[in-house]
Amino acid sequence: MKTKLFILAMLLPMMFGCSKDNSVEKQIVGDWFLCYSKVYDHSTSDYYEDEITFTQETSSLFISFYGDGTIRVTNIDLDFGDKYVFNGTWSIEDGNLIMTNPEDGSETSSISFENDNLFYLTASEGSYLQTLGFQRM
């Protein structure tokens with residue numbers, strides 16, 4: 001009887017517990033800044049690759065993910081000092097981060113965490129591939 005209860009206790013979290021998406025949702029809540037950008041473009045015979053790293057002081061992109069599924073994205077034009085802010089929603093589905101801006105629609109990127117303080121978004125379109133790294137503030 002104790003063995004059956006033990007097995008049941010072990011299976012219940014698997015049956016009704018957090019999915020991987022819920023775990024990522026909990027992990028992503030907070031404030032982040034763009035710390036890494038890598039772009040590949042293979043559209044022409046001239047192969048293009050660019051890789052840049054940023055600190056919190058030199059970054060121009062900041063994202064706040066809230067537990068209620070809302071998001072605030074701040075993009076600062078470092079040349080002119082203009083600040084662009086949009087509020088939208090976010091969700092995780094099948095290992096992909098979906099961010100929705102009411103003006104521009106949805107953008108989907110695969111998401112992977114290196115640790116609790118660093119994650120990467122990867123998106124591609126045709127021969128273009130972009131990877132963005134975000135570090136917790």
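Seven aromatic pairs are present in the structure, a pair being two rings of Phe, Tyr or Trp (its six-membered ring) with centres within 6.5 Å. The model is predicted, and local features need pLDDT of at least 70, side-chain atom pairs count only at pLDDT 80 or more, and totals for chains, interfaces and linings use all residues. Residues are numbered from 1 along each chain as its sequence is written, and side-chain values use heavy atoms, with hydrogens and water left out.

One of the pairs joins Trp 32 and Phe 119, whose ring centres are 4.7 Å apart; the pair is edge-to-face because the planes stand at 80 degrees, where planes under 30 degrees apart count as stacked, over 60 as edge-to-face and the rest as tilted. Trp 32 belongs to strand β1 (residues 30-41) and Phe 119 to strand β8 (residues 118-125), so their contact ties together parts 87 residues apart in sequence; strands are DSSP runs (E, at least two residues), numbered from the N terminus. Trp 32 is buried, at 0% relative accessibility, and Phe 119 is likewise buried, with a relative accessible area of 0%; buried means under 20% relative accessible area (1.4 Å probe, protein chains only).

Phe 119 also pairs with Phe 65, with ring centres 6.2 Å apart and planes at 70 degrees, so this pair is edge-to-face. Because Phe 65 lies in strand β3 (residues 61-65) and Phe 119 in strand β8, parts 54 residues apart in sequence are tied together. Phe 65 is buried at 2% relative accessibility.

Ring pairs link Trp 32, Phe 65 and Phe 119 with Trp 90, Phe 113 and Phe 134 into a cluster.

Definitions and conventions: Helices (H or I, at least four residues) and strands (E, at least two) are DSSP runs, numbered from the N terminus. Buried means under 20% relative accessible area, exposed over 50%, partly exposed in between (1.4 Å probe, protein chains only).
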